[in-house]
Amino acid sequence: ELGCGDGKICRAAATGFGCRAVGVELDAAMVEVARERLVDLPPGPRSLVEIRQGDLLDEAVTMTEPPATCVTMYLMPDHYQKLEPLLEAYFSAGVRLIVYAWELKGEHWRHRLVKEGPGWWLYHIPSNDGSAGDSGGGIPTGVP
């Protein structure tokens, strides 16, 4: 999760879906809050969440092993242009991107939009046959 704040989305991914989640946050105080809130999780989901303090533009902070399959982002739109190279690197690796609150603008993003709901947008590179590939399968209606 890019700009994870208190880690709410990371915790939801781990507890609700059993996903491994890595949150990245620049603000050291928010990183501490996010890490403190992890202690409230049961051991299983807690072991799936990692919170990192650092700059989103630092590849060493944002890249994970194993590589991410889905990235979430709840950031102000004024950050989007700076993140474009990072987002393109994720897309070239086949990663899905879920953006909350402010959709990505521009024709190339409209071509990548595969599903949306109230306040969220799911982007993914279309498959070679021109279809959207996975149209967000497994994502409950209204919940990215």
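Analyst: I51 is buried, with a relative accessible area of 6%. The model is a predicted one, and I51 lies in strand β2.

User: Which residues does I51 touch, not counting residues up to four places away in sequence?

Analyst: I51 has a relative accessible area of 6%, and buried means under 20%, so I51 counts as buried. Its C-alpha atom is 9.2 Å from that of E1, although 50 residues separate I51 and E1 in sequence. Beyond four places in sequence, the residues that I51 touches are C4, G7, C10, G23, V31, A34, R35 and L38.

User: Is E50 buried, partly exposed or exposed?

Analyst: E50 lies in strand β2 and is in contact with R20, A21, V22 and G23, leaving aside neighbours within four places in sequence. Its side chain makes a polar contact of 2.8 Å with the side chain of R52. The relative accessibility of E50 is 33%, and the class between 20% and 50% applies, so E50 is partly exposed.

User: How far apart are the C-alpha atoms of E50 and A34?

Analyst: Along the chain, E50 and A34 are 16 residues apart. Between their C-alpha atoms the separation is 9.5 Å.

User: On how many degrees of arc do the buried residues of α2 fall?

Analyst: The buried residues of helix α2 (residues 28-38) are V31, A34 and L38. Seen down the axis of α2, these residues line one face of the helix, because they fall within an arc of 65 degrees.

User: What covers the buried residues of α2?

Analyst: The buried residues in question are V31, A34 and L38. The elements that cover them include α1, β1, α3 (43-46) and β2 (49-53).

User: Which residue caps the N-terminal end of α2?

Analyst: The cap involves a side-chain oxygen and the backbone nitrogen of A29, with 2.8 Å between the two atoms. The residue that supplies the side-chain oxygen is D27.

User: Which exposed residues does α1 carry on the face turned away from its buried side?

Analyst: In α1 the buried residues are C10, R11, A13 and A14. They cover an arc of only 160 degrees around the axis, so they sit on the same side of α1. These buried residues pack against β1, α2, α3 and β2. On the face turned away from the buried side, the exposed residues are K8 and G16.

User: Is T62 buried or exposed?

Analyst: T62 is found in helix α4 (residues 59-62). Leaving aside neighbours within four places in sequence, T62 is in contact with L2, V24, R52, D55, L56, L86 and Y90. Its relative accessible area is 5% and the limit is under 20%, so T62 is buried.

User: Which residue does a cis peptide bond join to E65?

Analyst: The omega of this bond is about 0 degrees.

User: What is the relative accessible area of A101?

Analyst: A101 is in the loop between β4 (96-100) and α6 (107-112). Its phi is near 80 degrees, a positive value in a residue other than glycine. A101 counts as partly exposed, with a relative accessible area of 31%.

**The second largest pocket**

User: How many residues of the lining of the second largest pocket are charged?

Analyst: About 380 Å³ of space lies in the second largest pocket, and 18 residues line it. Nearest its centre are G3, C4, E25, Y74 and L75. Helices α1 (8-17) and α5 (80-92) and strand β1 (21-25) each supply at least two residues of the lining. The lining divides into 9 nonpolar residues, 3 polar ones and, as charged residues, 6.

**The whole chain**

User: What share of the residues in the protein is buried?

Analyst: The protein has 6 helices and 6 strands, in the pattern α-β-α-α-β-α-β-α-β-α-β-β along the sequence. Among contacts with a separation of 6 or more, 55% come from residues 24 or more positions apart. Of the 144 residues in the protein, the buried share is 39%.

Note on methods:
Residues numbered from 1 in each chain as written. Predicted model: local features only at pLDDT ≥ 70, side-chain atom pairs only at ≥ 80, totals over all residues. Heavy atoms only, no water. Helix = DSSP H or I, 4+ residues; strand = E, 2+ residues; numbered from the N terminus. Buried < 20%, exposed > 50% of the residue type's maximum accessible area, 1.4 Å probe, protein only. Contact = heavy atoms within 4.5 Å. 1 Å grid on protein atoms, 1.4 Å probe; cavity = no way out; pocket = protein on both sides within 12 Å on 5 of 7 lines; lining within 4 Å. Points joined across faces, edges and corners; volume = space filled by probe spheres on them. Nonpolar A, V, L, I, M, F, W, Y, C, P; charged D, E, K, R; others polar. Arc of directions from axis to C-beta. Polar contact = N/O pair within 3.5 Å; in protein donor to acceptor, adjacent residues only side chain to side chain.
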